[in-house]
Amino acid sequence: MKKGIKVLIGFVLAIALAGSGFWLVHRFIESKEQQASFRELAESVLMEVTPQKPMDVTTPEPEAPEVSHEHHEPTADPAPQVLHDIAALKEKNAECVGWIRVPGTDVDYPVMWTPEGPERYLRRDFYGGYSDYGVPFLDHRCDLDSDNLILYGHNMFDGTMFTDLLWFREREYMEDHSQIILETPGGAREYRVIAVCQANSVESRLYQHINFTDSAGKDVAFSLPEGCITGFIGVNGAGKTTTLRTLLRLTDKEAGKIQFFGLDMEQNERQIKDRLGIVLDDGCFYEELSLSEMKSIIAPAYTAWSERDFKQYMDMFSLDPKQKINTLSKGMRMKYALALALSHEAELLIMDEPTSGLDPLVRSQLLKILTEYMSKGGKGVFFSTHITSDLDKIADMLIMIDNGNIVFQEEKDTLLDTYRIVKGDVRALTPDLRKLFLNISETAFGFTGITKQVAEVQRMLPDAMIERPAIEDIMLGNIEGGNK
């Protein structure tokens, strides 16, 4: 009996192994056929292109380079060219609108667009047959005349399709492959990778994409993911308030686009602001009015205004509706502005220096309120501050601005894991070692520096003391003009 059971089990296992083997072979063959199909398609519409001459970046003949441990700047990429006959592609399939290329990677595919059937090519090949690999396609809400496009595609376990994009989580790889080329009937468009965000759910979305040139001619670009408290950091005068006022259209921009929830701010300002909760440093209130009177002016502007929520927050903050605005302290003004911002089901809170000038108790209360707001799900907070200790407690993402330029956009924990404070003997600071630091301060008792290249520093200075930095250390280390 036992022997018969063993034979049966062995038979079942053999069938299972054979089935698994067949499935793996089938997937391998399908992968090869799919990639061959894309190659054949590319070759059938490939155009003869005159090789470009290198871009003119003539400089004086350099001397022999010194050995440096600093990361090299990527060389300039050639201007983008159309390599594929888009008209010929459209003859093969009218739903093809272009071709996407990321030089140096395997991303080299046609792009489809079907507004009436948004995900038609999620599981179809170029010719409409079934395929697990699909074809990259544009979001149905996209405007082809716009430079802001959303493109979808699979990253397959066998390393095909968009799998190479996973390497963009490595900063050096991202910098070396930052050029993205979209070929369209109107010519080749060039895009640059400025930040990478990995979402763990297909339902995750970006709240907004900011890409504009401010009135001072500075280019500002970043994105805010849903479900995050994002801190906008920088010293006083770095450009935080100017950026916030520009994205809210309270200050003019020179060029570029600002999008919230996939909508263009210039064309959908009222609809967008109906979904935003805004707390500005100056309040923008009529000083002679009472809190109740000011609320009566603001409330009708929001379609989802909740009098019940407003009363709840007024009670929570111990605010008297009959009190005049000009009698409020700074902390009470902030609480009142927050009560207004939270009383119309706002999806994204935008706050300018909300903790500036507040005592520790009020600041602690504010951070608790923001945490409770986020616990409702589907919310986001974007607030500027130079008090980085607040961000140590609650922030998920950090964006730093300095002199109007975005320095970095990164997850807080990743930043804190990347940087290190190093302390040691000043006499050990060789020229090569100094190059590994973003910032160094020196005294008669030793030096303190901040670095992103901790492994190399430890190799060259094994006796150094290594400490985990605070956000303020990272901010100050990245500011131009620091003591080096």
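Which backbone nitrogen does the side chain of E183 reach at 3.2 Å? The legends below work through this and other views of a predicted model.

**Figure 1. The whole protein, by the numbers.** The chain has 484 residues, and 42% of them count as buried. Its secondary structure comes to 14 helices and 20 strands. Take the contacts between residues at least 6 apart in sequence: 65% of them join residues at least 24 apart. The accessible surface comes to about 27100 Å². Carbon and sulfur atoms account for 53% of that surface.

**Figure 2. E183 and its polar contacts.** E183 sits in strand β5, which spans residues 179–184. The backbone nitrogen it reaches at 3.2 Å is that of L83. A polar atom of the E183 side chain also lies 2.9 Å from the backbone nitrogen of H84. Is E183 buried or exposed? Its relative accessibility is 0%, so E183 counts as buried. Leave out residues up to four places away in sequence, and E183 touches Q81, V82, L83, H84, I86, V97, G98, W99, R101 and A188.

Figure 3. The side chains of R101 and E183 meet in a salt bridge, 2.6 Å from N to O. R101 belongs to strand β1 and E183 to strand β5.

Figure 4. How many salt bridges does a search of the whole structure find? The search finds 18. Among them is the one where the side chains of E95 and R120 meet, at 2.2 Å from N to O. E95 lies in the loop between α2 (86–92) and β1 (96–101). R120 lies in the loop between β2 (108–112) and β3 (137–138). The partners are 25 residues apart, and the pair links distant parts of the chain. E95 has 22% relative accessibility, so it counts as partly exposed. R120 is partly exposed too, with a relative accessible area of 32%. Side chains of opposite charge can pair when their charged atoms come close.

Figure 5. R427 forms a salt bridge with D425. The closest N and O atoms are 2.6 Å apart. R427 counts as exposed because its relative accessibility is 76%. D425, at 35%, counts as partly exposed. Elsewhere, salt bridges that share partners join R249, E269 and K273 into one network.

**Figure 6. Helix α6 and its buried face.** Helix α6 covers residues 291–298. Which of its residues are buried? They are L291, M294, K295 and I298. Seen down the axis of α6, these buried residues fall within an arc of 105°, so they line one face of the helix. An α-helix has 3.6 residues a turn, so residues three or four places apart point the same way. The cover over the buried residues of α6 includes α7 (307–316) and α8 (330–341).

Figure 7. The structure holds eleven aromatic pairs. One of them joins F437 and F447 edge-to-face. The ring centres are 5.8 Å apart, with 80° between the planes. An angle over 60 degrees is what makes a pair edge-to-face. F437 lies in strand β18 (residues 437–443), and F447 lies in strand β19 (residues 446–451). The pair therefore ties together parts that are ten residues apart in sequence. Both F437 and F447 are buried. In another group, W167, F168 and Y173 form one aromatic cluster.

**Figure 8. I150 in its loop.** I150 is placed in the loop between β3 and β4 (151–152). Its relative accessibility is 40%, so I150 counts as partly exposed. What separates the C-alpha atoms of I150 and D139? The separation is 5.5 Å, although the two residues are eleven apart along the chain. Leaving aside neighbours within four places in sequence, I150 is in contact with F137, L138, D139, R141 and C142.

Note on methods. Residues are numbered from 1 along each chain as its sequence is written. This is a predicted model: local features need pLDDT of at least 70, side-chain atom pairs count only at pLDDT 80 or more; totals for chains, interfaces and linings use all residues. Side-chain values use heavy atoms; hydrogens and water are left out. Helices (H or I, at least four residues) and strands (E, at least two) are DSSP runs, numbered from the N terminus. Buried means under 20% relative accessible area, exposed over 50%, partly exposed in between (1.4 Å probe, protein chains only). Contact means heavy atoms within 4.5 Å. Accessible areas come from the Shrake-Rupley method with a 1.4 Å probe; for residues, only the protein chains shown count as cover. The arc is that of the directions from the helix axis to the C-beta atoms. A polar contact is a pair of N or O atoms within 3.5 Å; within protein, one must be able to donate a hydrogen and the other to accept it, and residues adjacent in sequence count only if both atoms are side-chain atoms. A salt bridge is a side-chain nitrogen of Lys or Arg within 4 Å of a carboxyl oxygen of Asp or Glu. Rings of Phe, Tyr and Trp (its six-membered ring) pair if their centres lie within 6.5 Å; planes under 30 degrees apart count as stacked, over 60 as edge-to-face and the rest as tilted.
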